[in-house]
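Have the viewer open and follow along topic by topic.

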Amino acid sequence: MIGNNSCGAHSVMGGKTVDNTCELEILTYDGERMTVGRTPRDELQRIIGAGGRKGDLYAKLKSLIDRSGDHVRQEYPRIPRRVSGYNLDQLLPENDFHVARALVGSEGTCALTLEATLNLTPSPPYRALLLMGYGDWEYSWRSRACNSSAEANRAGRVRCTCSRKHAAQG
């Protein structure tokens, strides 16, 4: 799940894996074990200043963002379920240089994940599935154009509402 930034139907409610990753214990390919996560500026400077393998990695990642941060801000797509590619946007200062979240979805190409600290989202007490069948493509398209909502009650029955009359006409 961490390796490919999994997100299914419930990601709309609880977020993608990257949104719920707090910290990772990783093993680099040269055998260095370290904990990575959210890194505020003062801590980032401390880690880089301390040197060692972690300081070197953080310095290189910071250099990458210093050179490419504006491009990442402008060009990374802002879509709710973006799960492909590296999460370089998580290294931006406004995201607290979150190295753990930058590694989510990297499919093990940057480090091996040994442990993870994640936020858990409680399962909703009621669930419902709404399937809608349409007689033709045009009608289904018009129905998608409306702002609709569905609510489930305790019995599991679903009530759907649509704010545009033409979507209900067929």
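The bend at a residue is the angle between two fitted axes, one for the seven residues ending there and one for the seven starting there. By that definition, helix α3 bends by about 65 degrees at serine 68. Helices (H or I, at least four residues) and strands (E, at least two) are DSSP runs, numbered from the N terminus.

This is a predicted model, in which local features need pLDDT of at least 70 and side-chain atom pairs count only at pLDDT 80 or more, while totals for chains, interfaces and linings use all residues. Residues are numbered from 1 along each chain as its sequence is written, and side-chain values use heavy atoms, with hydrogens and water left out.

**Confidence**
- The chain has an average pLDDT of 82 (the predictor's confidence in each residue, from 0 to 100), and 79% of the residues score at least 70.
- Over residues 147-152, pLDDT stays under 50, and the model has 17 contacts (heavy atoms within 4.5 Å) beyond four places in sequence for them.
- Residues 163-170 also have pLDDT under 50, with 14 contacts beyond four places in sequence.

**Helix α3**
- With 24 residues (52-75) at 1.5 Å a residue, α3 should span 34 Å, where the expected span is 1.5 Å times one less than the number of residues.
- The end C-alpha atoms of α3 are 33 Å apart, which agrees with that expectation.
- Gly55, Tyr58, Ile65, Gly69 and Val72 are the buried residues of α3; buried means under 20% relative accessible area, exposed over 50%, and partly exposed in between (1.4 Å probe, protein chains only).
- Those buried residues pack against β2 (33-37), α2 (41-50) and α4 (99-103).

- Aspartate 89 sits in the loop between α3 and α4.
- Aspartate 89 counts as buried because its relative accessibility is 15%.
- Beyond its neighbours within four places in sequence, aspartate 89 touches Val72, Tyr76, Arg82 and Asn95.

- Leucine 27 faces arginine 33 in β2.
- Five residues lie between the strands of this hairpin, where glycine 31 takes a positive phi near 90 degrees.

**Cysteines**
- Searching the whole structure gives zero disulfides, a disulfide being a pair of cysteine sulfur atoms within 2.5 Å.
- Cysteine 22 counts as partly exposed at 27% relative accessibility.
- Cysteine 110 counts as partly exposed at 37% relative accessibility.

Terms used: Pairing = 2+ DSSP bridges.
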